[in-house]
Amino acid sequence: MTLVIERDSAVAVRAPQPPAAPREMLRPLPDPLLRIAGVSLEYRTPGRVVRAAHRIDLDVYEADRFVLLGPSGCGKSTLLKAVAGFIAPVEGEITLGGVPVRKPGPDRIVVFQEFDQLPPWKTVVENVAFPLRAARGLRHAEALERARATIDKVGLTAFATSYPHQLSGGMKQRVAIARALAMQPKVLLMDEPFAALDALTRRKMQEELLALWDEARMTLLFVTHSIEEALVVGSRVALLSPHPGRVRGEYNCHEYDLSSLGSRSFQAAVQRLHDRLFEPSPETAR
Ligand SMILES: Nc1ncnc2c1ncn2[C@@H]1O[C@H](COP(=O)(O)OP(=O)(O)OP(=O)(O)O)[C@@H](O)[C@H]1O
Ligand SMILES: [Mg+2]
């Protein structure tokens, strides 16, 4: 058992608190499922090194809906790619279940923003079933059965034999989510999966994702630059500073969901995160 000092808790996104001593609670927690410890990430191009993330420390626990929130270019996608195993840290380490992440694996599946992440020559059910056979080693019938069950969960049973080009953007994202969920990854990685959708569909997809989480209790690492989306989707939010991304704070937000939109406490939380997001960075302020 590890004793964990909880960082900024929900109070950080509620009404302003008196400048009392930080509320530090000592409470026993299991080991984190995903640990990002002192991780820096860089891109090396000829003659140039771009540091995308700087000394990131984050712990993600099982069944967390953990959101990375930060401005464009702060390194959110890069961090997600590192967790997925596509990029290796230049310092620090990422571990999943105590095992260092060194390469991509079926225990970490990414859902991207783009609608064209599905092979267009495969039907919906084939798209979901294929990785189950290829990466999970399921037999054909088993893969089809699991694929159909997951497609049902995302409400696409009537479109199981359709091709991606016959679907709307929101439906394609549902297929991508079904494909990822069917793999039963240890962590589901989502990189702004709803950003290209219209506002109504986006809200519906957020609702569906929360309903899926209620059922499956999967661990989610979700990237967004929308404060509202972070508060609605997340149970915990890590705020990243502008480029290169550093962790500015962590906030609990279990209490918010779509029904909170418009409430005073939700608006206050949005404002607080907004202010924190846009306050001058101590790292760059001279
Ligand atoms: N392939 C690459 N080669 C060089 N630099 C890159 C590459 N990909 C990203 N970068 C740089 O790394 C930094 C972080 O990029 P990243 O895509 O992770 O940001 P982001 O937070 O996901 O932004 P957005 O919200 O716009 O998606 C940026 O400065 C970007 O220019
Ligand atoms: Mg990105």
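**Exercise 1.** Explain why helices H2 and H3 are oblique to each other.

*Solution.* A word on the model first. It is predicted, so local features need pLDDT of at least 70 and side-chain atom pairs count only at pLDDT 80 or more, while totals for chains, interfaces and linings use all residues. Residues are numbered from 1 along each chain as its sequence is written, and chains are lettered from A and ligands numbered from 1 in the order in which they are written.

Step 1: find the elements. H2 covers residues 124–134 and H3 covers 140–153. Helices (H or I, at least four residues) and strands (E, at least two) are DSSP runs, numbered from the N terminus.

Step 2: look at the axes, which are lines fitted to C-alpha atoms, for helices over the stretch in contact, with angles from 0 to 180 degrees between N-to-C directions. Those of H2 and H3 come within 8 Å and cross at roughly 130°.

Step 3: classify the angle. Under 35 degrees is roughly parallel, over 145 roughly antiparallel, 65 to 115 roughly perpendicular, and the rest oblique. The pair H2 and H3 is therefore oblique.

Step 4: Contact means C-beta atoms, placed from the backbone, within 7 Å. On the H2 side, Val124, Val125 and Val128 are among the residues that meet H3, where the partners include His140, Ala143 and Leu144. This contact has 9 nonpolar, 2 polar and 3 charged residues (nonpolar: Ala, Val, Leu, Ile, Met, Phe, Trp, Tyr, Cys and Pro; charged: Asp, Glu, Lys and Arg; polar: the others, Gly among them).

**Exercise 2.** Now try H2 with H4: how are these two helices oriented?

*Solution.* Step 1: the axes of H2 and H4 (residues 169–182) come within 9 Å and cross at roughly 30°. That angle makes H2 roughly parallel to H4.

Step 1: Val124, Asn127, Val128, Pro131 and Leu132 of H2 meet Val175, Ala178, Arg179 and Ala182 of H4. By class, that contact contains 7 nonpolar, 1 polar and 1 charged residues.

**Exercise 3.** Is H4 largely enclosed by the rest of the structure or largely open?

*Solution.* Step 1: learn the scale. A residue is buried if 20 or more other C-beta atoms, placed from the backbone, lie within 10 Å of its own, exposed if 12 or fewer, and partly exposed in between.

Step 1: apply the scale. In H4, 11 of the 14 residues are buried, so the helix is largely enclosed.

Step 2: find the neighbours. The buried residues of H4 pack against strand S8 (108–111), H2, H3, strand S9 (187–191) and helix H5 (199–216).

Technical notes
Two residues are in contact if their C-beta atoms, placed from the backbone, lie within 7 Å.
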